[in-house]
Amino acid sequence: MLKKGSTLKKKLHMLMLVCLVPLMVMTVYLLSLISRFSERYDSIVENITMANAYNMDLKEDIDYVMYIIVVNSERAEELVDTQRPHILISEAREVFQRLYETADADHAKTRLNRILKSLNTLEDRVEEIEQDAHVTGAYDRNMERLDLDIRVLTELIQEQVQEYIYYETTNLEALREGIRSDVDQSIQISILIFFIIFTGAFLIDRRIITGITEPIRSLCDVTRLAGSGDFEVRAREGGDEELAVLGSSFNQMVERIGNLVEDIRVEQLNLRVTELKLLQAQINPHFLYNTLDTIIWLAEAGKKEEVVMMVTSLSDFFRTTLSKGKDYIRVEEEEAHIRSYLQIQQFRYQDILEYELRIPPELHEYQILKLTLQPLVENALYHGIKNKRGLGKIMVTAQETDGKLIFCVRDNGRGMDPRRLAYVKKVIEGESADKNEPSGFGLYNVEQRIRLNYGLDYGLSIESEYEKGTEVKVVIPAVKK
């Protein structure tokens, strides 16, 4: 077994070397190519950026300060920074001197040398005008020198800088052509390396790939069977050491999963019984208390017919709730259940509640999961009608379409704004179910019960519009009792 395990390891190493070494060579080559392009590109862009900083600001700042010095020499230091021209010229000289020292082409050095000479000349003219600014009678001469020397020189420097920028820009085009050529070459090299990798992998395919993939394919087949629910399948435990370990571990896992599934099945049967008991226990005790209080009040008032109707409705309500422990009842029984509930509630909320049940008689013999519609009707009453001012109405309808029963519980109550509606939809889907939110958790319970009993293709959908009402649809399969 150890020898076989070692063989599998060598196979993987050989396959890795055949693919990895050429890829590493190609990667190193491409990275060096990218690095070279990046350095050249960054150098040109940096030169253009540094030169462009003095393309416009230098002329405007120097012309303005020198003009103030000439026309108002006595207050020049109060109005502007008279050292500003010298600072700008000094900074520009340092920048272009650095560009001159790093330039690798004679054309670039020639243009930069012109700019440096012009900056030196400009500095001399600035000093001359500053010295003559306080000389009486030199105003006209200084203005003339301002136009002929300063402004002409700054404009000349600006043109020289633009010429240098244009020259550097043309270098970008040359760089692009070089990149294009190198990219073509890289593509050819990459194709060659890919061909080498493909050829090497093909030559060792049957000796390496087949020896690895066949046992794995066999393991995949038994895994697929186990995934479909067949926990009696077992994988072959022979072969290389690693695959033998996988097969043995898989067999142990499948055996344990089979045992767990059987335990879960038994537990689900117990949970279904417990679910019904919990659902019955969740009937709001306030509903029962309030109903009994209403009956007492009617009895004290001598309203015997109303007492009889209330007691009868309450009896019918609990008879359907219990249903001898059955999970499924006829649609007719569910309709009677919600009618009893609404009759009782109408005694309490007769000023604000109307209801209408439109369930066709031909649907009465179909079966429905017990307590599916009553929580929706209760939700419509407490969160729709009671929150609305004035009379409200609850309507329950049903129809059969394409083998499905579609029930609709609609109210014209308060409704929900888009943000609240989005939250309730998330609650129904189980994304943010909050037991402290009664307007959503009841719907979540109904949705989960429907999916548990009918499947994921069935369930609830809800639509609502603020101040207009809410509509909840229930879709279940059409199966006759």
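## Lysines over tyrosine rings

In this predicted model, the charged end of K109 sits over the ring of Y100, 5.9 Å from the ring centre. To count as sitting over a ring, NZ of Lys or CZ of Arg has to be within 6 Å of the ring centre and within 35 degrees of the ring normal. K480 does this with Y366, its charged end lying over the ring at 5.6 Å from the centre.

Search the whole structure for aromatic pairs and you get 2. Rings of Phe, Tyr and Trp (its six-membered ring) pair if their centres lie within 6.5 Å; planes under 30 degrees apart are stacked, over 60 edge-to-face, and the rest tilted. Y328 and Y454 have ring centres 6.0 Å apart and planes at 65°, so they pair edge-to-face. This pair ties together distant parts of the chain, 126 residues apart: Y328 belongs to strand β1 (residues 328-330) and Y454 to helix α14 (residues 438-454). Helices (H or I, at least four residues) and strands (E, at least two) are DSSP runs, numbered from the N terminus.

Y454 also pairs edge-to-face with Y458, at 6.4 Å centre to centre and 65° between the planes.

Y328 is partly exposed at 21% relative accessibility, while Y454 is buried at 17%. Y458 is buried too. The cut-offs are under 20% relative accessible area for buried, over 50% for exposed and in between for partly exposed (1.4 Å probe, protein chains only).

## Ground rules

Residues are numbered from 1 along each chain as its sequence is written, and side-chain values use heavy atoms, leaving out hydrogens and water. As the model is predicted, local features need pLDDT of at least 70 and side-chain atom pairs count only at pLDDT 80 or more, whereas totals for chains, interfaces and linings use all residues.
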